[in-house]
Amino acid sequence: MEPIDIGLWVTGFMLVMVVAGMRVAFAAASAGLIGLIWIFWAKFGYAPDKFTKALTVSIKVAGQVPHSKVSSQALSLIPTFILIGYLAYYAGLTKALFEAAKRWIAWLPGGLAVSTVFATAGFAAVSGASVATSAVFARIAIPEMLAIGYNKQFAAGVVAAAGTLASLIPPSAILVIYAIIVEQDVGKLLLAGFIPGAFSAIVYVTLIVGIAVFFKNVGPPVTGFTWRQRFEALPAALPIIFVVVIIICFVYNPFGDEAWGTPTEGGALGAFVVFCMAIYNGMKWEQLKSALLETAKLTVMIFTIIWGVLIYVRFLGFADLPGAFSDWITSLEMSPMLILVCILLAYAVLGMFMDAIGMLLLTLPVVYPAVMALNGGESVAAADSAFGMSGTMCAIWFGILVVKMAEFCLITPPIGLNCFVVAGVRDDLTVQDVFRGVMPFFIADGVTIALLVAFPSIVLYLPSLAG
């Protein structure tokens with residue numbers, strides 16, 4: 001049996017395990033190890049006395065993955081970004097953000113929902129975890145919306161959908177994972193997420209205002225705040241802006257000189273600043289302990305998925321499945337843009353049955369080379385490319401697109417993780433309530449993705465400034 005055939009059989013076996021309910025990390029690691037054994041044994045002609053040797057070589061190949069990836073400096077960004085989010089919550093920055101947004105913009109139709117989106121976007125700028133963002137604002141925003149008569153399904157849907165912004169707005173753990181998998185510059189990818197993240201928030205706000213205008217009982221505005229009250233709410237929210245500036249300057253110096261440091265250093269300094277704010281605001285030892293434990297739990301979960309999937313990726317390299325898939329994609333008699341749209345639609349369907357990180361880790365090793373081949377290759381110039389951009393810029397653009405698709409998958413049934421989190425935090429809500437509430441936001445996400453595909457400059461403007 002040829003290696004490509006082994007790759008297809010093992011991939012099919014892995015998908016069966018995932019659909020049957022096995023965790024992605026263990027399904028991918030098991031499939032990768034089995035595939036490696038199969039390929040090496042096939043090279044030895046399936047000789048019974050060579051099976052032990054094939055097993056030994058496969059275990060050594062698979063065993064190199066955890067150490068080689070844990071020693072990568074880029075991975076250290078993930079725990080620092082997650083820690084920033086949890087510390088910001090205990091520092092009271094989330095409540096301060098929501099209060100400031102409420103006083104300034106709650107007078108709009110659907111004002112509290114609009115305030116929630118903007119406050120969530122602000123919190124996403126210091127948090128790398130969508131799940132944590134949704135959990136925090138389910139506690140803060142939903143009670144206030146329900147208190148003035150908001151539809152509970154709509155209120156829950158706003159929080160679940162707005163929580164997805166943390167996947168795109170830096171610091172983003174998923175963007176870091178994408179950069180590691182496809183071996184692209186982490187700093188440029190983080191920069192690329194700012195404008196699309198803000199753009200997504202604006203699309204959400206436009207949808208909310210439109211719904212509130214046409215359905216008067218959905219989201220009544222909140223009025224009565226004086227200008228003095230509005231300005232008084234700003235100082236408590238300013239630390240968020242300070243942390244964002246730190247991260248930007250460490251990724252890309254806006255003054256035109258060299259960056260002040262690496263993204264890892266920026267994340268560490270940002271975590272230290274938020275830690276100081278939390279101590280200043282009276283954070284207790286139990287709260288610090290909780291923040292550290294939650295950060296450790298989420299980090300270990302993400303690292304375990306990375307390790308398991310990368311064993312599978314190592315097997316794919318031996319099976320040459322990515323190369324075969326790229327050749328097949330480029331041989332199709334369809335326009336490259338139409339093929340790209342089909343790939344994004346496939347992600348939408350796949351996301352209904354898999355978590356976002358696992359989905360990206362499993363598919364990118366095969367899909368990414370195919371997309372780059374469609375554009376003309378890794379080193380293609382913009383003038384010779386299919387999508388009108390260089391290979392490096394295409395990698396960044398596609399990264400933002402698939403991360404946006406990962407956001408979309410966080411709210412799609414039946415696996416939409418953010419919806420389960422919001423329902424778990426609120427005893428008065430069922431998962432079905434939250435899924436009904438997020439349905440209008442499917443339209444908003446569809447519009448956002450379509451515009452990002454049609455106008456790549458939305459994604460590529462900031463990375464182009466960084467060179």
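Leaving aside neighbours within four places in sequence, Thr-363 is in contact (heavy atoms within 4.5 Å) with Tyr-347 and Leu-350. Thr-363 lies in helix α17; helices (H or I, at least four residues) and strands (E, at least two) are DSSP runs, numbered from the N terminus. Thr-363 counts as buried because its relative accessibility is 15%; buried means under 20% relative accessible area, exposed over 50%, and partly exposed in between (1.4 Å probe, protein chains only). The model is predicted, so local features need pLDDT of at least 70 and side-chain atom pairs count only at pLDDT 80 or more, while totals for chains, interfaces and linings use all residues. Residues are numbered from 1 along each chain as its sequence is written, and side-chain values use heavy atoms, with hydrogens and water left out.

Buried residues also occur in helix α21 (residues 457-465), where Ile-458, Val-459, Leu-460, Leu-462 and Pro-463 are buried. The cover over the buried residues of α21 includes α10 (186-214), α18 (391-409) and α20 (431-454).

A salt bridge is a side-chain nitrogen of Lys or Arg within 4 Å of a carboxyl oxygen of Asp or Glu. Side chains of opposite charge can pair when their charged atoms come close. The side chains of Lys-404 and Asp-445 meet in such a bridge, with an N to O distance of 3.0 Å. Elsewhere, salt bridges that share partners join Glu-99, Lys-102, Arg-103 and Glu-144 into one network. Glu-99 and Arg-103 are separated by about one helical turn because they are four residues apart in helix α5 (residues 93-105). Glu-99 is partly exposed, at 23% relative accessibility.

Another salt bridge joins Glu-232 and Arg-228, whose closest N and O atoms are 3.1 Å apart. Both residues lie in helix α11 (residues 227-232), four residues apart, about one turn of the helix. Glu-232 has a relative accessible area of 47% and is therefore partly exposed, whereas Arg-228 counts as exposed at 66% relative accessibility. A search of the whole structure finds ten salt bridges.

The search for open space used a 1 Å grid over the protein atoms alone. On this grid, a pocket is an open set of points with protein on both sides within 12 Å along at least five of seven lines, whereas a cavity is a set of points where a 1.4 Å probe fits but cannot get out. Grid points are joined across faces, edges and corners, and a volume is the space filled by probe spheres set on the points. The largest pocket has a volume of about 910 Å³. Its lining consists of 35 residues, where lining residues have an atom within 4 Å of a point. Arg-23, Met-301, Ile-305, Asp-355 and Leu-417 lie nearest the centre of the largest pocket. At least two lining residues each come from α1 (3-19), α2 (24-43), α7 (130-147), α9 (173-182), α14 (285-319) and α17 (356-375). Helix α14 supplies the largest share of the lining, seven residues.

At the surface, Met-334, Met-337, Leu-338, Val-341 and Leu-345 form a nonpolar patch with about 400 Å² of accessible area together. Accessible areas come from the Shrake-Rupley method with a 1.4 Å probe; for residues, only the protein chains shown count as cover. Patches are made of residues with over 30% relative accessible area and no salt bridge, like charges being joined within 9 Å and nonpolar side chains (Val, Leu, Ile, Met, Phe, Trp, Tyr) within 5 Å. Met-337 is found in helix α16 (residues 336-350) and is partly exposed, at 32% relative accessibility. The C-alpha atoms of Leu-338 and Lys-43 are separated by 39 Å, and the two residues are 295 residues apart along the chain. Lys-43 is in helix α2 and counts as exposed at 59% relative accessibility.

Backbone angles were also examined. Most residues other than glycine have a negative phi. Tyr-46 has a positive phi, near 60°, and is placed in the loop between α2 and α3 (51-70). Phi of Glu-183 is likewise positive, near 60°, and Glu-183 lies in the loop between α9 and α10. Tyr-46 is partly exposed, at 34% relative accessibility, whereas Glu-183 is exposed, at 67%.
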